[in-house]
Amino acid sequence: MSSVAPRVLVALSGGVDSSVAAALLIEQGYRVEAATLKLWGGDGDSGCCSVADVDDARRVAQQLGIRHHVFNFGADFDTHVVDPYVAAHAEGITPNPCVECNRHVKFDRLLVRARQLGFDLIATGHHVRRVEVAPGKWSLSRAVDAAKDQSYVVHMLTADVVASCLFPVGEMEKSEVRARATALGMRTADKPDSQDVCFIAKSQGGRVTFLGSRIPLHKATAVDTDGRELGTVDAVELITLGQRKGLGVAVGERRYVVDVDVAGRRVVVGGPDDLLANDVSLGLMTWVHGAPVEGASVFAQCSAHGEPIPATAHQEGTLVRFVEPARRVAPGQSVVLFDGDLVLGGGIARRV
Amino acid sequence: MADECAHAMTPWIGARFGNPSGSHAIARAARAAIEDARDIVAECLGARPGEVVFTGGGTEALNLAIAGARHRKFALPDGEGAGSIGAGSLGAVIMTSAIEHDAVQNAAAAQTVFGETHTTIPVDANGVVDLGRLAELLQANRNIRSVAVMAVNNEIGTIQPIGPIADLIRNLAPYAVLVCDSVQGAVWLDVVEHCSGADLLAISAHKFGGPQGVGALIVRPNVALTAQQFGGGQEQERRSGTQNVAGIVGMAAALQATTHNRAATGLRVASLRDRLVDGLLGAIEGAIETSPRSVKVAANAHICVPGVESESLLVLLDDGGICASAGSACASGAIHTSPVLQAMGVPQNLAEGALRLSLGASTTEADIDLALKIVPEAVARLRN
């Protein structure tokens, strides 16, 4: 590395991935400082933001001998993540809050703050890779550990942002990450992976309690595809397209939610075939380098842990046609398009 | 830590280390050291030695005061003996000013689980308790158990009118105790005079050059106090647990030195503070001084800088060798908009750019020169 190493601000959550990311960056010769983001002030089971997590992060920074900051982005998190999450549910839309947090907070607010404070780069513990596809031209690619790949939730990063980001653990298997943390004697080595929505406490009633205290929840009639009444669901706002469990409707065979009409208080239940679609329409597109050409062959990933589905991209990527009929995408979910392992970009599924 | 303090502590963590509750020679010496310290602390705070309860810091002292002071015994006006109108716990009211430290606010809030009510006393735009509103609250509420108002606010440095507040309470709620957090006050004010009306008075050693983790609560004889921790009955059964001998000795030494030098230090620090604040207000466009200096102690410089976020500013100041604060950090270390500034009605765009620079006895002209260079540079960089 050159005589004056770049300054990197690593987002240190208090979890094992970001802890190891910080350690790797130091080894690689960067001038590293760490920032823990305080995002959520309410209850939550884990994930981040508790005093204990900030303490873990601070301790990791102490052990690594790097400066540690705590940035309170709670207001931004409320405005860009929590409030829209609640408002979307009131309309029967199921957003992905992790995507919105990355879009607006981690890779926008934090990057702006980092630049303001004189940092050259930011880094996170996401399992995703940054690859130089041409000299000075950076793209995102799936992580080495396919099972932990998080390229879906950071797909909205544009090339100029990617050029300012480092993802050191994307190059490693998760087991390797834990081994490194253990070898470094980090408290966070055996912390469980964060999962679910970080601002919703499962132990306190989960989504029902969280949304129920913020928006009115309405009962709805469950009907089959011929319009015959099957029963009642408690909260239509909590029903997601494709949902199988928790409908309170016993009908013997495998049944899925195939349509949700919040305003009409109606949930349509059908068989697996009723859930299939030939395409999905997207809005709010973002591209790493620009939209794919008309008819380009792509892989579409329609949920955080979904399988990539062969498809073609049309109309600047706003229409994705599946090669074989595929499960319909719940409105509000992000659909991410890949060229092999490379992230092209994506958008948010519109309501049909 | 002040030199005289470290020096005073050394024997008690070395050759003379002993348990003050024992009966042998070393123990008796330790006990005597505590009692010498008690005499000194009492004198510095205008109390009798028996009124001094040593604690593990200011927060503990304030928790003991808020949770433990049940009521104030007072003489009935017609002289017919002593009244002891007990404010029972259930339904009792605890009033705290809107700008109290979390040690008071959270201790008071914690009493609500026992069926008590926590009421907030508003402050004016300068950050001083509104006496008119306090009088209304004292008249409107029955069964007031405690009123807590700090001597000096920790963020903005405003001095609270403890004497007039005590008078109002005596007239309108004579059985209520006045709890005074003088953690900041003991450093910069003559608390003997300023806080004489308080029934309970808390101090914390590290604020005046003593060790961390040591404090004291002054409990006037007319206060009915219930202990909050139980054990060997130390501190006249008001605070059980073996005393921190070295810490207590160190606190007394530091308090004595602080009290002795207070007037001279105050004058010197005030002139440094004035140069600092005037310089910053001149150099930073749009910056305002949060409270007028006429209601503040000498050591506090607090300004609000529009168009800048405190969090970023503090990082750049730290880079430049200036240790500052925004005034309010939660347990995680995250900075949030100060409840003190909110209570004063400071607009959000100003409150977001809050900057507190605290001066101390050791602050030099060179420190002020540095701050006058670094702070405007940092602001300019962030506004760019």
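This is a predicted model: local features need pLDDT of at least 70, side-chain atom pairs count only at pLDDT 80 or more; totals for chains, interfaces and linings use all residues.
View 1. Strand E12(B) and strand E13 (residues 300-304) of chain B run antiparallel and are joined by 2 bridges. The open sheet has 3 strands in the order E12-E13-E14 (chain B), and the pairing is antiparallel. Strand E12 (288-289) and strand E14 (354-358) of chain B form the edges, each pairing on one side only.

**View 2. Helix H10 of chain B against the sheet.** Helix H10 (residues 245-283) of chain B packs on the sheet and touches E12, E13 and E14 of chain B. The direction of H10(B) makes about 10° with that of E13(B).

**View 3. Packing of helices H11 and H14 of chain B.** Helix H11 (residues 310-319) and helix H14 (residues 365-383) of chain B pack at an angle of about 130°, and their axes are 9 Å apart. H11(B) is therefore oblique to H14(B). From H11(B), the residues B:Ser312, B:Leu313, B:Leu316 and B:Leu317 meet B:Ile374, B:Val375, B:Ala378, B:Val379, B:Arg381 and B:Leu382 of H14(B). By class, the contact of H11(B) with H14(B) comprises 8 nonpolar residues, 1 polar and 1 charged.

**View 4. Contact between chains A and B.** Chain A contributes 10 residues to the contact and chain B contributes 11 residues. On the side of chain A that touches chain B, helix H2 (51-64), strand E3 (68-72) and helix H4 (97-116) of chain A each give two or more residues. E3(A) gives the most to this side, with 4 residues. The side of chain A that touches chain B has 5 nonpolar, 3 polar and 2 charged residues.

Conventions
Residues are numbered from 1 along each chain as its sequence is written. Chains are lettered from A and ligands numbered from 1 in the order in which they are written. Two residues are in contact if their C-beta atoms, placed from the backbone, lie within 7 Å. Ala, Val, Leu, Ile, Met, Phe, Trp, Tyr, Cys and Pro count as nonpolar, Asp, Glu, Lys and Arg as charged, and the others, Gly among them, as polar. Axes are lines fitted to C-alpha atoms, for helices over the stretch in contact, and angles run from 0 to 180 degrees between N-to-C directions. Angles under 35 degrees count as roughly parallel, over 145 as roughly antiparallel, 65 to 115 as roughly perpendicular and the rest as oblique. Two strands pair if DSSP finds at least two bridges between them.
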